[in-house]
Amino acid sequence: MRYKLTFAAGLALGYVIGTRAGRERYERMKKAAQDFAQNPAVRNAAESAAQTGRQYAGKAAHVVGDKVGDHLPSSVTDRVAALRGRAHANGQVAEDDDWGTSNT
């Protein structure tokens with residue numbers, strides 16, 4: 001019984017010490033990640049990537065709407081038309097955009 005109690009006490013002590021050490025490492029990694037995310041260069045790159053993604057998504061919505069618009073229910077085509085209007089109002093998509101069209 002004494003050995004079981006000693007083993008359980010050692011296990012509990014090891015767990016507490018390991019958790020504290022793990023928590024300190026976790027806090028250091030968390031702070032490093034926050035510092036990285038707050039870096040102006042990283043923020044600029046992330047915003048640039050997000051803006052580019054939004055532009056391509058808008059163009060893709062146009063192409064999909066044009067190609068399959070007649071084959072979709074009216075509720076879906078109305079939603080695509082609303083998104084298209086909002087994209088034009090925000091200046092995200094050029095009027096003379098020929099992306100996704102074929103020259104054949």
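**Notebook: salt bridges in a predicted helical chain**

I began with Asp-35, which is partly exposed at 43% relative accessibility (partly exposed lies between buried, under 20% relative accessible area, and exposed, over 50%, with a 1.4 Å probe and protein chains only). I noted that this is a predicted model, in which local features need pLDDT of at least 70 and side-chain atom pairs count only at pLDDT 80 or more, while totals for chains, interfaces and linings use all residues. Residues are numbered from 1 along each chain as its sequence is written, and side-chain values use heavy atoms, with hydrogens and water left out.

I looked up the partner of Asp-35 and found Lys-31, joined to Asp-35 by a salt bridge at 3.2 Å, N to O (a side-chain nitrogen of Lys or Arg within 4 Å of a carboxyl oxygen of Asp or Glu). The two lie about one helical turn apart, because four residues separate Lys-31 from Asp-35 in helix H1; Lys-31 is partly exposed at 48%.

I then checked Glu-27 and Arg-23, whose side chains form a salt bridge at 3.0 Å, N to O, and which are likewise four residues apart in helix H1, residues 2-38. Glu-27 has a relative accessible area of 32% and Arg-23 one of 48%.

The structure holds three salt bridges, and I recorded Glu-47 with Arg-54 as one of them, at 3.1 Å, N to O.
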